Amino acid sequence: MEVVIASSPVDAGIGCWDLHSGAEQLRYRSCTSTPHGLACVGQRFLASSQLRDSSSSSGSILYWSWSKPQVEVKSFPAEPIHPLVSNSDGMYIIGGGSSGAIYFWEVASGRLLKRWHAHYRAVTCLFLSDDESLLVSGAEDGCIRVWSLFMVFDDIGMEMAKNPYEYSFSEHTLRVTDMVSGYGGCNAIIVSASEDRTCKVWSLSRGKLLRSIDFPSIIEAVALDPGEHVFYAGARDGKIYIASINAETTSSNSYGKHIIGTLSDNSKGVTCLAFSKDGILLVSGSEDGTIRVWDAKTHNIVRIYRLAKGPVNNVLVVRRPLYSNRQTSENSHSSFSRRHAPLLPPPLGKYVNSTDENVDSGAVSVPQTPSSDIMDAPYLSYHVLTKQISELQVFFIFLS
Amino acid sequence: MARSKPSSSKKQPKRGVDFKKIKRKIGRKLPPPKNATNTEIKSKAIILPEQSVASERAGLAVSKKGLTLKELLQQTSHHNAKVRRDALTGIRDLVLKYPAELTLHKLAIIEKLRERISDEDKVVRETLYQLLKLVIFPALKKDVPGSLISLMMAYIFNGMTHLATDIRLMAFKFFDLVVQHYPSSFFMYAEKVLQNYEDILRKNHIYLQDRSKLKNALVGLVRCLSLLPCNRRTVDPSYGKNTETQGSLHAYELEVPKEHTDFSSIIKRLEDILPILVNCFQDFIPLVHPMSSLDAQSFDCMLYLLRSIDLSVKFFLYGIDKHQTDFGVTKPTYNEKDMPVWGEIATPVFLRKFLEVFPLNQLHNTSGKDEDKFFILNIEITEIFLHSNEWIFTSAILMERFLEFIENLLSGKIRFNSRSGKALQEKHLTSLLPFIPRLVSLVANTWKSRLLQAFTMAFKDCKPESTLNLAFLSAIEEMLLPSKRQGILLLDASEPEILDHQITWIRELPVLLVRLGDTLSSLSKVILHLLLRLGQYAPMNSSLAWEYDIMQHTLGEFYSMCLDDGSILYGPFMKLPKDCQELSVCCLYYFSSLDSLLLRSLVYCCLCDNLEPSVLFRIIDVLHSAYKIGHLQLVDLISFFVTLVARWKVLPGRLYTHVENAKKISNRETFKAITGAVCSCLRQMGDDALIFQIVQRVILDEIPLNPPIDNLCGMLRLLVILDSRPTKLSEQSIIILSNSISEYLIDAASYIPENGDEVTDSNQISICQYYLVPCFFLFDRSDKLLNLVLDLMGSSIGEDNSSLACNHDTQHTLDLSSRIVAVVSILLYMHQDIKIRRRLSSCKGEITRILQKMRLQSSNEMGNTLEERHKIQFSFDRLKIAAGQLNCWDADELKIISLFE
């Protein structure tokens, strides 16, 4: 089941909706997330870094399991964590701190495997390349750095190398607001948005700036079309601009060079964007607390969800395992469900343990996949295929 | 018949003689026989304008002497030197006159001319040189096939190995010319050319006598070597480079292989040449020591020799650096295996020996001119030293000498004596400055402080318009910030002395910026970029970051300054180009707490008409972002916004006169956009109630200043955006607001389209709505405000009535009548709005009072003309009808009103 999850900096919980039917699912309570601070760890549970008062020195990261609205695990890292990202199978959680450090945790044990100084200012966004070998981080000072995870754990190699990072791009003059990468691992392009009103396209393979596009307003979020023909840039003026990557740009139109159109709903500023897996539905979160689902092909709004009065600052489209559904329906068999409830991992560690745990640090504990997941996930491919074939036939008949 | 007879009889006697004997006298000319053929030939002179051969060349290009190109080319190989020379000048004339000839016959021309490269006659060679230099190469600049060059090169090489030294040296000069115009040709022939250079330099003692020739050859060598790749340590601000405007990023790129040149052979040659150059230079040294002054020629030779050494050393360093670069950072231009790791054993030895000669002017020559020369040579040697520093282990004593020299140079203890010295010194200093950061990071502590001291002094003394500043700034950037390539700090800022210097530099930057004004925007851009980098990279809570924060006090002057008499002096910010303005605005973001003084000088800039709106919006954006990360106080930001809205000058101009006042309209549109931007910022700030309280307070401070209608409208919009229903306005502020709103409404009424004429100008309606809608929102939310405003409107009508007695100003009465009309049209307009109509119905008392006042006015004969009274009467009727529609008057009250009539 593909669901949209969204959170807000004001306490409105994490909203969860079925992307296709539009039905609202469970709402997970007491979450005031930071921008880019919501992650779904390996489809097993939700994690979010929390906004804290500036007075408190430690940060906080909360876990929710799919089936319960309450916070299940609380961890308190050494400093406030802003962006949070996890790899696809949910083995690691990576967070960016307000001092510019990046934290690397192992989920299953909660150990802090690595912490390193990545930036001079607070980290604002993080993402992993699609092959999960590179980590890209953006910071408040406009700096974007590309890290090889392989290198990060190679202490000797780090000392040998001139710079710990692969690339450092410093062309942005103000805070980096969002970044997104294309396909192709280390050969991909990345698109970054900044408060200096530009979006820049970089090449990871060549390590250089390919294009810089000026927008009429500050861009808060970017999303890349799966075909990498265009990217969508959600602006603070409420419009979602469409900028071309692959088309030859003709004369500059009313918005500026390379910008070919907008999606607009006269809303307040757009704060976050996400694409569904099929690459057709674009989900945008707005300053006014609503989440809009657009059809990127027709540029129409398909659906509007309402999260809170305050702004939305995170939107994700994730696949949610089906077992949790059944669990809610079978709540009566409490003993049964408790046994089946996926246990959440322990809280995240605060410091890197330098104690002699070398013996077991060699092995990485793999999270157990709940067995019910496999049983309940039905294979639909045959039905889907036959259905599509019949649809195509109808289509051809219609054409002829 | 009878007649024939006599005739026959006459003939008869003659018949006897068959042939008459003719006697001829000797010596007498016979008459010509009758049947003689006239063999006489007659001829006439034909006058031709030209010689017969010349007629063929009509339409052909000829030189001044009437020779065609073909003839001229033939003549170039004439045995007489003079003819050859004339032929060359002829070609020159011809080509200058008919440029097409050259492009058509370039191959033929070059083919013939190249033979003259090794001409025995000096003058001919010289003429050829001039011909090639001034005419042929510039003309062929665009299309020169490689074949042409190779045609030339064959003969040039021939000349280079000629027995006659003159020809030999001249050949180098020719080669220099070719390289000058077609630099790529060097790499094609590099090996051979360098070999030839090597030969000629090896025998330098032969040519030592004729130094001007040697100098020419060396110029060529310097030029060739400067084409070799080297690490560019020069000042080149890499920022601001525009990214290629490629249409499609994923498109297939045709990768043109770069010209592959075999550097390994060049390296081998250079390895041979370098010792020879050093030897050659050392041959000159004896000339230096005697008291006799150094002549210009040998000085030049020495200079060029040093340059060549410098360039080859740089090239080797480049090779070594390339060898060490990591993968992917920069693609090596040649294969790694081609690159022998060079010069670890042999070469530095002689270089070290060479560097030993270093201070050349130990003898302290008396003449100033010579000192300058030595000075230049010393600088060149220093440069070589600094280049090679990275891989030669130098002795401490030598190091000391160099460091002392550099220190003296920086502090200006050594100076040029001649007039042009200043410029020269700057030029040389520019070449040395890029080395300072590395040097400082490597040398021992005592020298570190001495060098830094000298550097700081020199930087402070540097005039703002000097070209040196660029070099200083890049050196400072390198010493302040972690370098771009390595990401590590060169200097340890924890040492107090270094920190002191760093702080001095930082403090100097804004001063320099202000002193520069808008004279050198490129330099200002570099400074601003440095400031931005400093703000970005200064470690948090370090003394550098602290210093950056302090800088905002001096930076205020860069934006604007409020003088004692209240006038505003705009700083350089206003005049700089847009990219500099944007940079300086970005710098604001990184101050950890923005000072309200700086904000004030910023707001003066924003209020200036000359500021481009786009920059203004950037300022709003950046300040808002700075607030978001806690670099700006909420109260400061709000007062900045409100001041902006309250004081921004909207040029007065009625909208319907837009034909002539296009600019004024755009101005109002800009103001609307500013208000919109401010509103959206305010709404994003979070707690609406708190922000509303602050905004309300600031606005109430501004309102008594009687802002123009547009600004008041903007402020009301801010209030409306943040307010909710029912209103959060306090009692006191409602009272203050009602005062200004009633005036405001009467002003705004002039924009309400007349009901009578149907000319509904859409523009005018929209502006009218723009003005009135915020008021309607306020009325909708607060009944009390509406009551008060209506009250005030009513009393304003009456008030004039009372003052009429004492004030017989006709203007005033005119005001009164139009005021009444205005009030009525406002009320009618409000009446049209359904929501407000509901509200209006609850304040019938006020409306009745207004009606009464009007009644009174219309009946007041005194001072009112007939026309005015008619107007008032007409308005009264309209209002009465509207009031009747409100359904709020019961029968009694209606009667009372009718009683007035």
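Analyst: Happy to; what follows covers a helix pair and a sheet in this predicted model.

User: Why are helix 18 of chain B and helix 19 of chain B called oblique to each other?

Analyst: The axes of helix 18 (residues 445-461) and helix 19 (residues 468-480) of chain B cross at roughly 135° and come within 11 Å. Angles over 145 degrees count as roughly antiparallel and 65 to 115 as roughly perpendicular, with oblique as the term for the rest. The two helices of chain B are therefore oblique to each other. Helix 18 of chain B also passes helix 19 of chain B in a left-handed crossing.

User: Which residues of the two helices meet?

Analyst: From helix 18 of chain B come B:L452, B:F455, B:A458 and B:F459, and they meet B:N469, B:F472, B:A475, B:I476 and B:M479 of helix 19 of chain B. This contact has 8 nonpolar residues, 1 polar and no charged.

User: Now the sheet in chain A: what makes strand 2 and strand 27 edge strands?

Analyst: The open sheet has 3 strands in the order 2-1-27, paired antiparallel. Strand 2 (15-18) and strand 27 (314-319) of chain A each pair on one side only, which is what the term refers to. On average, neighbouring strands here are turned by 25° against each other, direction ignored.

User: How do you know that strand 1 of chain A pairs with strand 27 of chain A?

Analyst: Pairing needs at least two bridges, and 6 bridges join strand 1 (residues 2-7) to strand 27 in chain A, running antiparallel. If you want a place to look, A:A6 stands opposite A:V315 in strand 27 of chain A.

Notes:
Residues are numbered from 1 along each chain as its sequence is written. Chains are lettered from A and ligands numbered from 1 in the order in which they are written. This is a predicted model: local features need pLDDT of at least 70, side-chain atom pairs count only at pLDDT 80 or more; totals for chains, interfaces and linings use all residues. Side-chain values use heavy atoms; hydrogens and water are left out. Axes are lines fitted to C-alpha atoms, for helices over the stretch in contact, and angles run from 0 to 180 degrees between N-to-C directions. Helices (H or I, at least four residues) and strands (E, at least two) are DSSP runs, numbered from the N terminus. Angles under 35 degrees count as roughly parallel, over 145 as roughly antiparallel, 65 to 115 as roughly perpendicular and the rest as oblique. A crossing is left-handed if the near helix is turned anticlockwise from the far one by less than a right angle, and right-handed if clockwise. Contact means heavy atoms within 4.5 Å. Ala, Val, Leu, Ile, Met, Phe, Trp, Tyr, Cys and Pro count as nonpolar, Asp, Glu, Lys and Arg as charged, and the others, Gly among them, as polar.
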